[in-house]
Amino acid sequence: MRISRRAAASAAVLVTSALALTACGASGDSGASDSATGKVEGRVTFQTWNLKANFKDYFEGLIADFEKKYPDAEVSWVDQPAEGYPDKLSADAAGGTLPDVVNASPDLAYPLAKAGIALDLHKAAGKYEDEYLAGAWKSYEMPGMAGVYAFPWYLNTGPMFYNKALFKKAGLDPEKPPTTYGKLFADALTMAKKSDGKIAMLASTPSIEDFGRYGVRLMNAQGTAFTFNEPKGVELLGHYRELYKAGALDSQALTAVAESAGRKFQQQSVAMNPGSALDLGNFKREAPSLYKNIGITDTVNNTGKANMYVQGLMVNAQSKVKPAAVAFAHFVTDRKHQMDFAKRVAIFPSTKGSLDDPYFTKEDGTDATRVRIASAKSLGSAVNYTPVLISDQMKTVLRNAVAKAVQGKESPKAALDGAVDECNRLLTTGAGAR
């Protein structure tokens with residue numbers, strides 16, 4: 001199960017359908033009530049995203065418990081495959097057959113909220129807000145709109161691995177890895193100089209999340225235009241250009257994907273790389289000399305907040321069993337049931353206090369627990385830096401601009417100005433995800 005399951009081409013269909021629905025009057029002004037008061041009764045349709053194969057017993061037990069608590073309600077569970085899930089949401093939304101409760105990440109919830117199909121839970125169920133981590137709740141606030149459009153459900157983040165031996169060899173303190181970008185850039189230049197350019201600190205160029213972690217304002221306050229070309233964004237890109245020139249950024253970083261960056265780290269030609277418990281197990285088997293020198297730290301940021309990937313449960317604003325739908329979505333995402341789910345799969349609960357549980361704080365000597373504890377520690381104040389409006393096509397535009405600037409083919413300012421202009425054009429025309 002993956003926490004981040006974007007499909008840009010399909011998201012475009014969602015956006016198109018949502019706007020069409022709005023034009024046809026299926027928006028929040030269509031007469032649908034935000035009220036979720038009333039008796040919890042009726043048949044609730046509940047749709048998940050590629051979860052049935054591995055978690056059938058869990059969800060069937062969860063549903064049975066809900067129906068026992070609310071004997072006048074019943075839940076009909078459907079699970080959709082990962083392939084084509086956004087298209088399925090789009091078709092159901094357009095046809096008026098969207099289930100009552102739907103598993104949706106913020107980017108998929110946005111067009112449905114825009115069309116008035118996602119229930120505003122700030123109005124309908126705001127009394128539950130304090131049960132959730134602030135960053136998780138805010139993940140379902142939508143640009144240019146008031147309200148919150150899904151209950152946050154499970155979270156994920158990734159720690160940063162670093163090679164203590166390489167740090168020590170470069171004269172850096174292996175117990176004090178960089179936690180801010182300023183320290184990262186300084187340490188990276190030191191490492192490159194001490195190794196005569198043979199050891200790079202990083203193996204990838206900055207993504208939109210890195211701009212967010214650096215403290216760059218990614219969009220305007222209205223959520224209508226990208227702004228990552230502001231001076232702080234230009235500054236970040238200038239630093240990466242300096243790293244590349246000095247050999248502190250791997251020479252293949254411009255074309256690297258996560259897998260190739262991971263291989264560079266495993267080969268010990270790169271000193272830092274994000275990863276997971278699975279990677280740690282691989283290091284133990286395949287690179288024991290690296291494994292014995294592994295350090296685990298938070299992903300570098302200037303904001304004091306790590307990046308959060310989030311999934312949630314959206315309630316259909318047009319549901320005919322709204323009180324039961326809201327009650328069920330809350331039931332699935334309450335503290336008890338999120339903890340139960342988190343102990344079955346490598347995800348994290350979005351409810352307050354859950355991350356203080358010994359399961360997320362007490363070492364037991366295993367690799368999985370080492371990574372789980374490190375990740376959980378950072379999630380308490382984490383935020384979702386990825387704008388819900390950025391498509392894969394827009395990410396490609398940014399990636400190409402970054403490559404040109406890092407290589408010196410364009411100035412950082414010119415490259416980011418061009419990227420922002422193109423992303424805003426795609427945003428305006430609705431062509432960004434085709």
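Is Q268 exposed, partly exposed or buried? Q268 counts as partly exposed at 22% relative accessibility, where buried means under 20% relative accessible area, exposed over 50% and partly exposed in between, with a 1.4 Å probe and protein chains only. This is a predicted model, in which local features need pLDDT of at least 70 and side-chain atom pairs count only at pLDDT 80 or more, while totals for chains, interfaces and linings use all residues. Residues are numbered from 1 along each chain as its sequence is written, and side-chain values use heavy atoms, with hydrogens and water left out.

Stay with Q268, which lies in the loop between α11 (258–266) and β6 (272–274); helices (H or I, at least four residues) and strands (E, at least two) are DSSP runs, numbered from the N terminus. Its phi is near 65°, a positive value in a residue other than glycine. Most residues other than glycine have a negative phi.

Next select D196, in the loop between α8 (181–194) and α9 (208–214), where phi is near 55° and again positive in a residue other than glycine. D196 is exposed, with a relative accessible area of 67%.

Now select K56 and E60, which form a salt bridge (a side-chain nitrogen of Lys or Arg within 4 Å of a carboxyl oxygen of Asp or Glu), their closest N and O atoms being 2.8 Å apart. The two stand four residues apart in helix α2 (residues 52–69), so about one helical turn separates them.

Finish in helix α18 (residues 412–429) with D417 and K413, four residues apart, whose salt bridge has its closest N and O atoms 2.8 Å apart.
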